[in-house]
Amino acid sequence: GSFLFESVEGGERFARYSFIGRDPRVTLTCSGKETSVTENGTSKTSDKNFFDIIHQNISKFHQPTVPGLPRFTGGLVGFIGYDAIRFVENIPASGTNETNIPDSYLSLFTSLIVFDHLKHQIIIIVNVIVDKNKDFELQYKTALDEIDKLESRLSNNPNRKLEFHYSESALKSDIDQKSFESMVMKAKGYI
């Protein structure tokens with residue numbers, strides 16, 4: 001999983017920061033009353049309250065505020081869908097999920113590449129998840145190595161161009177031409 005997040009605050013027209021994250025540490029996927037928690041390639045399924053599972057997974061992490069860094073320096077990114085209200089209130093289901101998209105999907109990102117558009121600089125952030133049973137200096141060095149690796153990937157072959165490929169035969173519509181035209185006419189009626 002990965003994400004691109006733009007931070008536009010207040011009445012600004014342009015984002016101060018662009019955040020890119022990849023390789024989440026933990027992923028929470030909720031469909032109906034079942035939540036899958038994936039960490040280090042291992043998945044566990046639970047029927048506990050989704051919000052309790054979120055709390056259980058993030059309460060063990062604490063991030064200090066670091067002057068000079070953006071307010072977001074890692075954490076959960078994703079979405080909590082409308083149907084998650086059923087973990088809070090007893091309301092009937094609204095329908096069927098024909099898209100196979102989960103009701104909620106959150107990933108915990110600890111490494112970020114941040115573009116500061118105001119200062120025209122790139123900031124690499126790697127959070128150390130402190131394990132009290134391991135050597136602190138080694139954990140810190142591992143984070144520095146990850147920063148070096150990300151910096152190397154950013155500076156490696158800057159002229160490389162990626163080509164986009166697609167197959168027209170793989171493209172197909174969900175609806176037929178007549179239904180599409182009917183929807184267009186209906187939309188025109190609203191305008």
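How do the residues of the lining of the second largest pocket divide into nonpolar, polar and charged? The lining comprises six nonpolar, three polar and five charged residues, where Ala, Val, Leu, Ile, Met, Phe, Trp, Tyr, Cys and Pro count as nonpolar, Asp, Glu, Lys and Arg as charged, and the others, Gly among them, as polar.

The model is predicted: local features need pLDDT of at least 70, side-chain atom pairs count only at pLDDT 80 or more, and totals for chains, interfaces and linings use all residues. Residues are numbered from 1 along each chain as its sequence is written, and side-chain values use heavy atoms, with hydrogens and water left out.

A pocket is an open set of points, on a 1 Å grid over the protein atoms alone, where a 1.4 Å probe fits and protein lies on both sides within 12 Å along at least five of seven lines; lining residues have an atom within 4 Å of a point. The largest pocket holds about 960 Å³ of space, a volume being the space filled by probe spheres set on the points, which are joined across faces, edges and corners. Its lining has 35 residues, and Arg-25, Asn-127, Val-128, Ile-129 and Val-130 lie nearest the centre. By class, 16 are nonpolar, eleven polar and eight charged. Helix H2 (136–155) gives the most to this lining, five residues; helices (H or I, at least four residues) and strands (E, at least two) are DSSP runs, numbered from the N terminus.

The second largest pocket has a volume of about 320 Å³. Among its 14 lining residues, Arg-22, Asp-23, Ile-113, Leu-150 and Arg-153 are the closest to its centre. H2 again supplies the largest share, five residues.
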